[in-house]
Amino acid sequence: TEDISKELILIPSTSHLEACQFVAEDLTAQLSLRIVQWLEGLASKSLDLERKVRGSHVGSYLPTSGIWHHTQRYLKKGTSNSSTIHHLDFDAPTREHAHQLPDDKKQDESLLEDLWTLLRAGRLEEACELCRSAGQPWRAATLCPFGGLDQFPSVEALLKNGKNRTLQAIELESGIAHQWRLWKWASYCASEKIADQDGGKFEATLYAAQCSNLQRMLPTCTDWESACWAMAKSWLDVQVDLELAHLPPGRVDERFGDVIEGSPASSDRAFQPSNGPENWPLQILNQQPRQLSDLLQKLHSGEMVHESVTQACKEQQRQIEMILMLGDIPRLLDLIWSWVAPSEDDQSVFRPDGDPQMIRFGAHLVLVLRYLLNEEIKDDFREKIMNVGDLILHMYAMFLFSKQHEELVGIYASQLARHRCIDLFVHMMELRLNSSVHVKYKIFISAMEYLPFSAGDDSKGSFEEIIERVLSRSREIRAGKYDKLSDVAEQHRQQSLQKAMAVQWLCFTPPSTIADVKDTSTKLLLRALIHSNVLFREFSLISMWRVPAMPIGAHTLLSFLAEPLKQLSESSDTSEDYNVSENLKEFQDWSEYYSCDATYRNWLKIELDNAEISLELSSEEKQRAISAAKETLNSSLSLLLRKENPWLVLPEDNNYELTESVFLELHATAMLCLPSGECMCPDATVCTTLMSALYSSVSEEEVSNRQLMVNVSISSMDNYRIDVVLRCLAVVGDGLGAHELNDGGILGTVMAAGFKGELPRFQNGVTMEISRLDAWYSTKEGSLEGPATYIVRGLCRRCCLPEVILRSMQVSVSLMESGITPESHDELIELVASPETGFLHLFSQQQLQEFLLFEREYSIFQMELQEEELSS
């Protein structure tokens, strides 16, 4: 509350000044004052809105509309009636036990109703002005005594009155609060007398409001706000009256104990107005609550309260208001959460349930409370407002998300605990993974604008943590739907697309409003580059099938990153600052590889389409096939002939010292695929047989020297997949120092045998179709250290390069069959045979056999062509 300025202090003091000082110091009185001001403010806003909408306002009367013109003309005629007043003064109805004529009484009642409405809205001055304009200045004097001074016990009223000496002069003569008690007592007498004579409910209510006479006020209060205002104002006024009577709590109980404990009915009979003003507020003390909880209890079940008020207490809005009045915030949060929480049958915290407006209100209430009470929250209270508050905020954020207001989510998610914030954004990003770019960008902007980019402390979630979780989860193995088990390649194509889509979150341009926008943009693209290379390695190992369908995941990644990375590569300072050159080179290597792969699949599609045509091909169709074949050979040779920077040969960052005891681990999740393309469902026997076959892919001496360990088990995430873990000791040239062969080392050799379907003592032709692949350096105890990227890169070289060569041989054979001699065929043979390229040791035995078969076919077609040329 505001302190009372010394400039407002009058000496000697006045009843109003003492009342204001009391309220400023007493917490209970302050609470009463705030409730009254709040409810009056609501009523006042309602009046302003009515005037704005309807163009009218209560009290819009013509001058002298409160004068009893009909009764005046009636009396002038000399007519006499016992039920009609004989005089026109304002005391006549009470004194003569009669009434005005019905038309005047009706107009008077309408005026009184408007006065009550204005008084209820705290517009006492406006009510008095209405009385004067209506021709009833006497009524204005009864509503606002002491020369019209504002007697409300607030600092605002003191400021408004200024140093007006009227009340001080009055009380210098009669004593402090004497006239105050006299006016209260007179108002009480008037309210009782008017009510007993049925003089009109609004007139009785008006005077009852001046003296805290709840018994005459509450019957008029048919809505919750009016009833609550009446009780709170009466309670406030009585506290002030008791203070002005200079009665401490003990003496109040001693003097008025019987009244306080008595019922309203018995009290009314025992104490009549004749008790006098000296006993004020004895007459109405029994009607008042002793504390706020009593006030609310009276609203719920008081004898004098209207039934509609009791019913309104059950409404959600009123329950919230009453708990706020009590200041029981933990109880309020629990109540709101009970209204909006998911039902017992549906425990998904990611699905908004309940009334949207209540969810919205709860979320904003939590934000306001945290802001207002940040430094004052005690431990128990803090736990409640953080935990339950987070649940409500989370629910509202998901509601906004469900209504396509993704751009607003960050405002509320940023207020959540770190783990909840991260979980929320990860969930939203996964749900919108396949949505339009516009929708995804809204989520991206929301996170970037309201969350820190990097983790600063444990209390706030950051964008980096969110995106790391999204990328990690995108590679996780999820149980699939295998209605059709015969097309494993197509299943992997679709899964690769979902993995690739997650990278798009890193390819958006950050808003210019954030700090260090250029730095942030570079970090995002670097992370996209690193993760894309990880995916490219996996995608290459599942795109070995010689089918026309493109590896959709890889080409999606290329489309996402082509333009952003072009800008990144052109910025020399960025490359130096963030050491992106190696990652960028690998990306460019993969870009070239998938371009080569695309030309081959395009040629293959043309060949298969031509094979379905029963008629002889036209010259245009033949030429189209020949052009595609030549393009395939040219792109393949371009990839293979790179002498200065061989494909996927990059320096390894983590070169461990020779003295270290370092181990290597390779973790793979894969599906077993039959030569027909059908998925093979693994069991314990298959896993044991496969483990033995993997051991047999290298010599026993290598197994012993390198401490090779192999473990194969059915994946806990998907019964159709297997988890393979390989572990061995790092040695010079394979884990320690530079790896010159670039073939993935011993772990690459073991896994390549599985990928190529050439495992000894295992079902012939069964291949391992990779779902996830990672390699690590590890300690002797088995804890993982850094990534051993060279193993996966070498494995990709061991699998991809022989396949590129074999595809080129297939194309060469097709060209020769068509009567076209490829210019590069001999060069291709020399590449494989040359010890400088190291291609030969990348081939498996079956791949070499296939290579020789292609060469045999090529030679046969070549000889046939030569014979035709000689014969012609």
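User: Is Glu803 buried or exposed?
Analyst: In this predicted model, Glu803 counts as buried, because its relative accessibility is 8% and the cut-off for buried is under 20%.

User: Which residue does Glu803 form a salt bridge with?
Analyst: The partner is Arg546, and the closest N and O atoms are 2.7 Å apart. Glu803 lies in helix H37 (residues 789–817), whereas Arg546 sits in the loop between helix H29 (517–541) and helix H30 (552–570), so the pair ties together parts that are 257 residues apart in sequence. Arg546 is partly exposed, at a relative accessible area of 28%.

User: And what about Arg807, where does it lie?
Analyst: Arg807 is also in helix H37. Its side chain meets that of Asp597 in a salt bridge of 2.7 Å, N to O. Asp597 belongs to helix H32 (residues 581–611), so this pair ties together parts 210 residues apart in sequence. Arg807 is buried at 4% relative accessibility, and Asp597 is buried at 1%.

User: Which residues are linked in the network of salt bridges?
Analyst: The network links Arg546, Asp597, Arg601, Glu803, Arg807 and Glu850.

User: How many salt bridges does the structure hold?
Analyst: The structure holds 49.

User: Changing topic: which residues of H22 are buried?
Analyst: They are Met358, Ile359, Gly362, Ala363, Leu365, Val366, Leu369 and Arg370. Seen down the axis of H22, these buried residues fall within an arc of 165 degrees, so they line one face of the helix.

User: What covers them?
Analyst: The cover includes helix H20 (316–326), helix H21 (329–340) and helix H23 (379–402). Leu332 lies in helix H21, and among the residues Leu332 touches is Leu365.

How values were computed:
Residues are numbered from 1 along each chain as its sequence is written. This is a predicted model: local features need pLDDT of at least 70, side-chain atom pairs count only at pLDDT 80 or more; totals for chains, interfaces and linings use all residues. Side-chain values use heavy atoms; hydrogens and water are left out. Buried means under 20% relative accessible area, exposed over 50%, partly exposed in between (1.4 Å probe, protein chains only). Helices (H or I, at least four residues) and strands (E, at least two) are DSSP runs, numbered from the N terminus. The arc is that of the directions from the helix axis to the C-beta atoms. Contact means heavy atoms within 4.5 Å. A salt bridge is a side-chain nitrogen of Lys or Arg within 4 Å of a carboxyl oxygen of Asp or Glu. Lists of a residue's contacts leave out its neighbours within four places in sequence.
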